[in-house]
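Biologist: I would like to learn how to read a model with two chains. Can we take one feature at a time?

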Amino acid sequence: MSVIYFIFQQTMFFSIPLLIVALGGMYSERSGVVNIALEGIMTMGAFTSILFLNLTGKSMSGQFQLLIAIVIAMATGVVFSLFHAYAAINMKADQTISGTALNMFAPAFAIFVARIIQGVQQIQFSNTFRIESVPVLGSIPVIGDLFFKNTYITTYLGIGILILSVIVLYRTRFGLRLRACGEHPHAADAAGVNVYRMQYAGVMISGALGGLGGLVFVVPTSTNFNATVSGYGFLALAVLIFGQWKPVRIMWASLFFGLTKAIAAAYSGIPFLSNLGIPSYLYKMIPYIATLIVLIFTSRNSQAPRASGVPYDKSAR
Amino acid sequence: MRKKKFDYTGVLSSVFAIVIGLLMGLVILIICNPSQAFPGFITILTGAFTHGAKGVGQVFYYSTTIILTGLSVGFAFKTGLFNIGASGQFIVGGFGAVYVGIMCENLGSMHWIVALLAGVCLGAVWGAVPGLLKAFFNVNEVISAIMMNYIGMYAVNWFVKSYKPIFNNIRNESKPVLSSANIPKMGLDKLFPESSINGGFIIAVLAVIVIYLVLDKTTFGYELKAVGYNRDASRYAGINEKKSIILSMVIAGAIAGLAGACLYLAGTGKHIEIVDVIADEGFTGISVALLGLCHPIGILFSGIFIAYLTAGGFYLQLFEFSTEIIDIIVAIIIYFSAFALIVKMLMQKFGKNRQAAKKQESGPGAEEASQKGGNRA
């Protein structure tokens, strides 16, 4: 049983950042703006918030410090994503180009600033945020072991964002308008929706969630930040497409990916799997191969937002 | 330099972006360390010439790889596909070249050509996968290419590490290829003595020319572009759109594979390192392609330009600036190159002014622009 709990907890560490960032990408794409800058946004969010953890490490610790870091990560993501929003919405620029620029800028900026501040590019932080066991809930058999032991508040935050996203997207006026802008912005405009404002909102939400995702990715898996989020932004993009731009399916996609990743990372500790004698590199490849195979069966009826990636021009027919 | 029929908007917007990017770089240097900023900035602009002809040779050597990955990405863009998988195709191609370069001993003077072709073929196979999946199963090529990047990286690490004859376990990288597998210098070492430049640069230039001719002068290239513009309309016009998509990705993969082969057969001490990191070259290729407006000739120049800046940036360490400033500058340049609209608007305004015969405004501006164009080349 303990193996199952362990795998489950590992899965969460891999899935939650993917879930958060992919949901962020969903807001942006549903409003009609492709956001391939997620990788760069994650890097920036992780950079500023980990820098905060590093600088305040002596005077603060615990959940309060993490909460402030979360706010910083989200704020950074919003500010950074505004560059993408400005290029994509006001300048009607090619969204791939500005996204690529942001992706390139973020790690270079993080290394550059880190070197100036502290001489080396790795930013250390001490992890005081792990929750051994949530009071009361952690003592429930099975469920307590699965969900409330060896965890981080960011896990619950991710689940909260998922639930909120379902409600916002399908049950609010804002969600309806956002989706309309991604499907047919001219119709939305004719109905009195301010398309530009909605697209700004979409990109900014994706910035907030992307920045948060960067922090959530680094904290459980490392004790320093080395100006990279290991391609998780691109993986989140893949999860977004895999999840067909729908929150619940994005959750399944990120859980699927997180589970295969967790098995790859932890297989040597599982007697059954380590006895099979499969080389470790094959385990590392499995998440990606499995995703490809699943995509073959699920991509037939792709449901991308129709206007995603097309700059909205009011005067075009 | 000025020909009437050519549309300069794209080139001008690139020049505009380069100027802004460099100015922002200067501002960042000034903020960090005002006293060193100007010498540092001049180093960025002229550092590549520090060692004369050798330095220029190094620029061409470094540009070889990114011109080819840029060409791979740019070619796919022209045919409506986003080849984010150049990194995977690059490393797999590099592996193919290294494998043949070490294992096939009896090929004599043909050795390097066979090794190069092995790289091209493996790259093509790696590119074919996203193409096939897109054509037959409607899988988004961006996501399948990202997956192929990781699969390629892990597969190459696995094979190099587990196959004794090609693995150098002291340095945790691939062994050097046999000297017969190194790409010949093709006389370039005489032009640029002591530098690492080799025939790879000529191969890259040839690839640029071939891709330019294919895209612009052949029916085949026209069909590829047509499918990129509108898949349904192309099918209606009788183009086999599935074949076009697959071939586009195969060719893009082959070019990226060629990039890997050229790098690891250069005989400059570059080996495949066993690290679980996606190769950077593919992502640099995206930048090169975008800055070159996805046009093969533009990519040639933008590749050399970025290599030039990078070479200059290397000497920045003398002034205690980290070399990442170059990446920042290039990122800003690419960001602003997306603003073609502004340039268009400015140019229209500019044109009106000229029509109104305000020579004092348009005169120095045009001179400035052509000067910048000269700098860029």
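Modeller: Start with overall size in this predicted model. A compact globule of 377 residues would have a radius of gyration near 21 Å, and chain B has 22 Å, so the two agree. The C-alpha atoms of chain B fill a box of roughly 70 × 60 × 35 Å along the principal axes.

Biologist: How many helices and strands does chain B have?

Modeller: Chain B has 16 helices and two strands. Buried residues account for 53% of its 377 residues. Take the contacts in chain B between residues at least 6 apart in sequence: 77% of them join residues at least 24 apart.

Biologist: Which elements of chain A touch chain B?

Modeller: First the count: 37 residues of chain A are in contact with 36 residues of chain B. Helix 4, helix 10 and helix 13 of chain A each give two or more residues to that side. Helix 4 gives the most, with 13 residues. By class, the side of chain A that touches chain B has 25 nonpolar, seven polar and five charged residues.

Biologist: How do I describe two packed helices?

Modeller: Give the angle between their axes and the distance between the axes. Here, helix 13 of chain A packs against helix 6 of chain B at about 155°, with the axes 9 Å apart. An angle over 145 degrees counts as roughly antiparallel, so helix 13 of chain A is roughly antiparallel to helix 6 of chain B. The crossing is left-handed.

Biologist: Which residues make that contact?

Modeller: Among them are A:Y281, A:Y288 and A:L292 from helix 13 of chain A, and B:M147, B:Y154 and B:W158 from helix 6 of chain B. This contact has 13 nonpolar, three polar and one charged residues.

Definitions and conventions: Residues are numbered from 1 along each chain as its sequence is written. Chains are lettered from A and ligands numbered from 1 in the order in which they are written. This is a predicted model: local features need pLDDT of at least 70, side-chain atom pairs count only at pLDDT 80 or more; totals for chains, interfaces and linings use all residues. Two residues are in contact if their C-beta atoms, placed from the backbone, lie within 7 Å. Helices (H or I, at least four residues) and strands (E, at least two) are DSSP runs, numbered from the N terminus. Ala, Val, Leu, Ile, Met, Phe, Trp, Tyr, Cys and Pro count as nonpolar, Asp, Glu, Lys and Arg as charged, and the others, Gly among them, as polar. Axes are lines fitted to C-alpha atoms, for helices over the stretch in contact, and angles run from 0 to 180 degrees between N-to-C directions. Angles under 35 degrees count as roughly parallel, over 145 as roughly antiparallel, 65 to 115 as roughly perpendicular and the rest as oblique. A crossing is left-handed if the near helix is turned anticlockwise from the far one by less than a right angle, and right-handed if clockwise. The radius of gyration is taken over C-alpha atoms; the globule rule is 2.2 Å times the number of residues to the power 0.38. A residue is buried if 20 or more other C-beta atoms lie within 10 Å of its own, exposed if 12 or fewer, and partly exposed in between; C-beta atoms are placed from the backbone.
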